[in-house]
Amino acid sequence: MKPVSLISVASYLPEKIVGNDFFINESGVETHSMFRSTRFRHHIGPDETCCDMAEIALSRLAEKININLQKDVDILITNATLPDIPFVGVGAAIVGALNLNPQFIYDIQSGGCVSFIFMMELARALINSSDAKSALICNFQTAAGRIFALPDNRKLPQSAVPGDGCGVGYIVADDSSPIMSIVTRVHGESAKDMFPIAPDGRKWWEPGFPALNLDFNKSKISLIVARGNKLVPEVLHMAMAKAHIEYKDIGALVTNQPNKIFLRNWRESMLLPEEKQVQTFDEHGNLFGAAIPICFERGVDTGVIKSGDKVLLGGFSHAGDFTAAAVVHWQKNKI
Amino acid sequence: MAKNTDIPNIPDLVRIENVNLDGMQEKCMEMTHAVYPHDKIYGPYCTIEEYINCPPEIIFEYLADCEHLGEWTYSTRDMKKTEKDDIWVFNDAIGGITECYCKTVANKEAMTVDYHCAWDQGDHLWMIYLIRVVPAQLVLNKPGSVVLWTNCHHPFYDNNPFPEKAPKDRDGWVGDAWDMFYAGHTIEMQNLKKILEFRHNRDNAGLTGKETR
């Protein structure tokens, strides 16, 4: 297999910052066990789109590594929690807005909070099976502003936790900042434990009031916690073994950030001190799939992730139906 | 609850009257980790448990006979009765030449067998191995037994209270191995399981252990 490298990450967070009062005033509840409250989160605006976020994040990325987006993107892969337009996906609109010329465009719906790693894997597979040499992978989290901010939903304590944002990564066919391993797994038995739900019981595509929310099977909360505690350390260890690295070799840990407990538990399971974990939970809340690229960039910007570090990425999505992990031997700005 | 209960006066109780379900879930999440340091699990107490495919009555009888420690433990051998009727003395080879005293306190009704032991002297038996045999039919819905075995981290494990009783040339102390108790006792529990299952499979009746010596 040809080596591929993750050579840069960039992000954009919507301008609107929402404090806890926005939710507490409605719900009267200050904490919730599954989703302990964060302090702030960004919300996508009513007229803001994934495509708008992509334009900013991608121009930041292009500037960082001095690439020409029109020429230097052979593959475009996206994952959006709630896309701008159903059916159509996000990729084509981004191509239109930025005049990209990719050979391949994929808008993937799978992978959820670890879709960044799924997209790394897909990019690597495409690069290895075609003459494509570069890939943009883009995560859009839009559900906070679009679903959880709705007046009906603001009353629910779990609505305080999600935050919106966009994180992108650039992958090339060389070994300048190599992806040492990727492991992705599917646990289909958990696929029905997170779902959109309306209090009146209607299907999510049926019109009506009150608003739809995203919820978990309450009777399975303990089970979901146990899955996260078991499956994520397991897949992180698998990615380490595949990359032939040990605990002492981990330069930094970046995972999705569903809540503080999982962040603590996953870090502890990798025997890492807090300073080697990059997370922005207090500031950004649960960024779903965008967490990994956004935190990766944060780690690089703050110096937690240094050139030469082996960065361990991982996490799980939804109620545990996907898990993924990867090791990147990070080298900064080689272009 | 009795009318004149003092429960409301006891601080920091977690009961549904003062901590709601969300609050309880919050506490439980906080306490549930993905991994635990060894010391957190096996520091103050060391409990191991095992399923043994052998009827509980047979296991109880086997454990209640102190002399059988010579079979299933790793290093206790040469059991002899002392002048005190219920106390045995034997050599614990992990201490080289070390006398270990032991009294078995068994309760047939409760199916508990506690070994009250000590190295070097038989006057204060402070190393207490608490064992309970539970019918697996009750707890696992299958024949056989579950054996629970707990040790408590007695302060004497950390400091030998009777150093003058120790053999002159012995370096170690039983408590030096506390951090290995989980491993050591698990291995011994496996010995117990193998012995009892072997004999039970061979012959469901008349197990005494002594006949194989």
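**Burial, core and domains**

Q: What share of the residues of chain A count as buried?
A: In this predicted model, 53% of the 335 residues of chain A count as buried. A residue is given that name if 20 or more other C-beta atoms lie within 10 Å of its own.

Q: How do you know that chain A agrees with a compact globule?
A: A compact globule of 335 residues would have a radius of gyration near 20 Å, and chain A has 19 Å, so the two agree. The C-alpha trace of chain A spans about 50 × 45 × 35 Å along its principal axes. Residues 24 or more positions apart account for 79% of the contacts in chain A with a separation of 6 or more.

Q: Why is Asp72(A) called partly exposed?
A: The cut-offs are 20 or more C-beta atoms within 10 Å for buried and 12 or fewer for exposed. Asp72(A) has 18 others within 10 Å, so it is partly exposed. Asp72(A) lies in the loop between α2 (50-65) and β4 (75-80) of chain A. Leaving aside neighbours within four places in sequence, Asp72(A) is in contact with Ile67(A) and Ser134(A). The C-alpha atoms of Asp72(A) and Pro207(A) are separated by 43 Å.

Q: What makes α4(A) largely enclosed by the rest of the structure?
A: Eleven of the 14 residues of α4(A) are buried, so the helix is largely enclosed. Among them are Phe116(A), Met119(A), Leu122(A) and Arg124(A).

Q: How do you know that the span of α4(A) agrees with its number of residues?
A: At 1.5 Å a residue, the 14 residues of α4(A) should span 20 Å. The end C-alpha atoms of α4(A) are 19 Å apart, which agrees. Chain A has ten helices and 14 strands.

Q: What makes a set of residues a nonpolar core, and which residues have the most contacts inside the largest one?
A: The members are buried residues of nonpolar kinds, joined through C-beta atoms within 7 Å. The largest core has 98 residues, and those with the most contacts inside it are Ile117(A), Met120(A), Ala123(A), Ile137(A), Leu312(A) and Ala326(A). Helix α4 (residues 115-128) of chain A gives the largest share of this core, nine residues. This core also draws at least three residues from each of domain 1 (5-176) and domain 2 (180-329) of chain A. Not counting residues up to four places away in sequence, Met120(A) touches Leu6(A), Ile137(A), Ile171(A), Ile179(A), Ile182(A) and Ala326(A). A second, separate core of 16 residues includes Ile59(B), Phe60(B), Leu63(B) and Val147(B).

Q: How do you know that domain 1 and domain 2 of chain A touch, and how many residues does the contact take?
A: Two residues are in contact if their C-beta atoms lie within 7 Å. The contact takes 44 residues from domain 1 of chain A and 40 residues from domain 2 of chain A. On the domain 1 side, α4(A) gives the largest share, seven residues. That side divides into 22 nonpolar, 16 polar and six charged residues. The C-alpha centres of the two domains lie 15 Å apart.

Q: How many residues of chain B are in contact with chain A?
A: Nine residues of chain B are in contact with twelve residues of chain A. By class, the chain B side has three nonpolar, three polar and three charged residues.

Technical notes. Residues numbered from 1 in each chain as written. Chains lettered and ligands numbered in written order. Predicted model: local features only at pLDDT ≥ 70, side-chain atom pairs only at ≥ 80, totals over all residues. Helix = DSSP H or I, 4+ residues; strand = E, 2+ residues; numbered from the N terminus. Rg over C-alpha atoms; globule rule 2.2 N^0.38 Å. Domains from an automatic or database assignment. Nonpolar A, V, L, I, M, F, W, Y, C, P; charged D, E, K, R; others polar. Expected span 1.5 Å × (residues − 1).
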